[in-house]
Amino acid sequence: MTAQDLEKLLQEMSLEEKVGQMVQLSPAVYGKDSVITGPAGEVALTEEKTALIGSLLGTGDPEVIRRIQKEAVARQPHHIPMLFMLDVINGDQTIFPINLALGCSFDPDMAERTASIAAREASAAGVHVTFAPMLDLVRDARWGRVMESPGEDPTLNARIGEALVHGFQGENVGEPGRVAACLKHFAGYGAPEGGREYDNVELSEQTFRNDYLTAYQAAVDAGCRMAMTSFNTLNRVPSSANRVLCRQILRGEMGFDGVLISDYAAVEELISHGIAADRREAAKLAVEAGVDIDMMTTCYLDNLPDLVRSGEVPEALVDEAVRRILRLKNDLGLFENPYKDADAAAVQNVWCCDAFRKEARASAPETFVLLKNKENLLPLDVDTGDGSGGGEKILFAGPYLDSHALYGSWSFPNHPEEIPTLRERLEQRGDGRFLYARGCGMLPDKTVLTDHPLSDLTPAQNVEAVDAACRLAAEADRVVLFLGEHIRQTGEGASRTSLRLPEPQMELLRRVSAVNRNTIAVLFTGRPLVLREVEQLAGAVLCVWRPGTEGAQAILDVLFGETEPSGRLSMSFPRAEGQEPLYYSRFQGGRPRFSASDPKAYRIGYIDEDYWAYHAFGAGEGYTRFSYSPVSLSAAKLCGADPDRAGTDASGAAAQITAAVTLTNTGRRRGTEIVQMYLRDRTGSVVRPVRELKGFRRVTLDPGESREIPFVIAEPMLRFIRLDGTFGSEPGLFDVYIGHDSTTDNSAAFALV
Ligand code: NOJ
């Protein structure tokens with residue numbers, strides 16, 4: 001449809017029809033089941049109203065989508081097709097590592113490939129929009145949703161975020177195999193006080209703009225077609241009623257011109273927040289704020305027509321929202337083909353096809369982070385190569401040995417029982433020297449996790465299971481324990497005050513490591529954990545997050561050295577829960593930091609723990625070692641505001657500086673290093689972080705091989721929101737750090753003049 005035809009259609013629509021486009025409900029209104037992703041509320045609609053609904057969320061079933069679409073197009077007075085939206089977060093049917101793990105890969109290209117596969121699978125089912133990427137900056141591991149974000153760093157999140165948008169949307173959302181992306185949750189949802197789910201967010205203007213907006217902006221710049229408001233209040237205003245946030249900042253300053261949808265029931269929640277007296281006022285506030293679609297309530301449906309007729313809401317506000325929604329439908333090609341790619345027969349060839357599973361297997365090791373590997377316990381050396389078959393005896397145990405739930409929350413595979421378990425994959429290797437034991441239950445018996453009472457092994461059964469594992473551990477050369485959080489311990493509504501492994505699993509680790517010091521812990525987690533005790537007990541610790549469909553195979557590939565774990569932490573791991581929120585990019589402060597080895601009074605931090613993270617942002621090992629040369633700089637002075645001055649300036653300042661290191665693989669295996677470049681602005685009109693990631697590169701080298709790794713530094717990289725609120729750089733001294741992680745001291749200095 002041309003733009004004029006679209007405008008003509010808008011003019012012909014009745015007010016009720018227009019408001020219908022601004023409402024999203026679940027397939028329940030069409031009598032169909034769906035994935036429930038929020039508090040279930042019954043919505044009873046008349047047939048007449050149902051016919052006007054513009055979009056549905058929560059189904060990825062091609063049959064259901066085709067059937068509803070057929071009915072919807074027939075019933076809508078202007079035959080306007082419906083938009084189908086779904087949370088395709090870690091993949092659709094082929095499930096990939098969670099986003100926090102994608103952050104650890106520092107590999108935007110890989111992230112893009114996973115998103116484009118997810119788009120292929122979802123669009124084949126008839127889905128038009130995915131509620132992804134989630135780009136909330138996350139710095140508090142207690143929050144359950146840190147698993148959905150690439151992590152704590154603005155630049156890393158921005159690079160992964162824009163890659164995900166490209167992966168979902170391609171060049172044009174109308175192309176086959178593409179879906180529209182929806183950045184979320186606008187804004188600041190990742191910073192709830194105390195890590196408490198849905199709780200208040202208070203962020204200074206500086207912090208919000210310098211750190212929290214960066215990744216959302218990158219997604220907007222990448223052409224993301226939709227955005228979602230967040231549940232939280234930001235500086236005392238709930239996002240779905242926040243005109244400054246949605247209109248002035250998102251649309252005005254950031255240049256977003258797509259569709260803005262509320263989060264699940266967030267419009268009606270304006271009442272509980274205490275900012276709207278009733279549903280009518282909630283609808284008014286949200287539409288004035290610029291929320292185009294009301295997700296999962298009928299506040300708009302029941303109130304907007306009357307609000308317009310009474311003159312309380314200008315019809316122009318409704319028109320601008322509907323225009324954006326129709327434009328998205330048109331760009332998806334729905335007016336020509338309301339089913340887009342929906343094809344129940346085709347999905348059989350697309351869903352979980354070999355090529356996609358191969359990508360799932362290859363991507364996961366890039367996200368695994370090896371946190372400890374004492375005496376090279378890993379990789380496992382079972383192949384003696386002498387044909388005698390007399391290698392090491394290895395015990396595999398723990399609650400994840402037999403689990404199919406190797407994926408993260410927000411994954412909805414149709415056949416979770418078909419996801420191979422670790423035991424199944426180990427048995428396929430067919431090695432007679434492998435021993436197996438359950439070891440313990442996942443959680444203490446009768447744990448209640450958000451409405452879900454979970455029964456596991458009773459205390460007596462746990463003792464028995466641990467005893468049995470210990471007997472086998474005593475005769476094994478090495479032990480691999482598959483441990484971790486329960487899948488429901490992370491994700492929405494899963495904040496925790498404890499960042500420890502469940503107690504039955506700690507008991508297993510304590511007892512097994514006492515009889516076998518070659519114990520390796522493989523950890524499934526959706527958040528940073530407190531690992532001091534785990535690392536005192538286990539000789540090697542491998543964090544595999546929630547790796548997805550091919551997780552078991554990918555883990556074995558890494559354990560047996562067929563590939564290496566090449567992820568680095570995208571969130572700091574704390575020493576204790578009390579350190580949260582925790583992130584590397586902090587301010588210097590006026591005092592030195594507290595350290596237990598030099599416990600002086602009046603220092604920044606606590607008196608019972610070191611100030612620093614247990615594992616820093618960017619940390620992680622591989623199976624080889626790398627050395628770095630000192631940082632070299634192509635010039636000592638960088639030209640500030642006017643790059644045209646470069647070269648002609650009497651001071652000899654350059655338009656850009658190349659900072660480089662020579663990286664050498666000093667180990668005995670081919671391996672990958674993530675070279676990280678951080679900048680520090682020594683002084684500013686507002687205090688500046690001790691360092692900020694500004695560049696990174698995955699580099700794979702053979703043993704003995706060296707390579708020069710250059711990073712270009714230009715003035716725009718030094719900009720920030722200054723004291724006067726403007727965005728720009730300030731002259732002065734800067735440090736460039738290039739090294740293995742965020743603690744590197746390998747640095748050189750230059751001046752911005
Ligand atoms: C609530 C979640 O906050 C959001 O991330 C999700 O996309 C919607 N529900 C829809 O399921």
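Mentor: Start with a definition. A residue is buried when its relative accessible area is under 20%, exposed when over 50%, and partly exposed in between (1.4 Å probe, protein chains only). This is a predicted model, in which local features need pLDDT of at least 70, side-chain atom pairs count only at pLDDT 80 or more, and totals for chains, interfaces and linings use all residues. Residues are numbered from 1 along each chain as its sequence is written, and side-chain values use heavy atoms, leaving out hydrogens and water.

Trainee: Why is Arg 527 called buried?

Mentor: Its relative accessible area is 0%. That is under 20%, so the word applies. Glu 485 also has 0%, so Glu 485 is buried too.

Trainee: What makes the contact of Glu 485 and Arg 527 a salt bridge?

Mentor: The term asks for a side-chain nitrogen of Lys or Arg within 4 Å of a carboxyl oxygen of Asp or Glu. Here the N to O distance is 2.7 Å. The pair therefore meets the definition. Glu 485 sits in the loop between strand E16 (478–484) and helix H18 (503–515), and Arg 527 in the loop between strand E17 (519–524) and helix H19 (532–537). The two residues are 42 residues apart, and their pair links distant parts of the chain. Elsewhere, salt bridges with shared partners join Arg 247, Arg 251, Asp 292, Glu 320 and Arg 324 into one network.

Trainee: How many salt bridges does the structure hold?

Mentor: It holds 62. One of them joins Asp 319 and Lys 18, with the closest N and O atoms 2.7 Å apart. Asp 319 is in helix H13 (residues 315–331) and Lys 18 in helix H2 (residues 15–21), 301 residues apart. Helices here (H or I) are DSSP runs of at least four residues and strands (E) runs of at least two, numbered from the N terminus.

Trainee: How do you know whether Asp 319 is buried or exposed?

Mentor: Its relative accessible area is 14%, so Asp 319 is buried. Lys 18 stands at 4%, so Lys 18 is buried as well.

Trainee: What makes Arg 438 partly exposed?

Mentor: Arg 438 has 44% relative accessibility, so it counts as partly exposed. Arg 438 also forms a salt bridge with Asp 456, at 3.2 Å between the closest N and O atoms. Asp 456 lies in the loop between strand E15 (452–454) and helix H17 (459–475), and Arg 438 in the loop between strand E13 (434–437) and strand E14 (447–449), so the pair ties together parts 18 residues apart in sequence.

Trainee: What makes strand E12 (residues 394–397) and E16 a pair?

Mentor: They share 4 bridges, in the parallel sense. At least two are required, so they pair. Phe 396 stands opposite Val 480 in E16.

Trainee: What makes Ala 659 buried?

Mentor: Its relative accessible area is 0%, so Ala 659 is buried. Ala 659 lies in strand E22 (residues 656–665). Contact means heavy atoms within 4.5 Å. Leaving aside neighbours within four places in sequence, Ala 659 has contacts including Val 631, Leu 633, Ile 709, Phe 711 and Ile 738.
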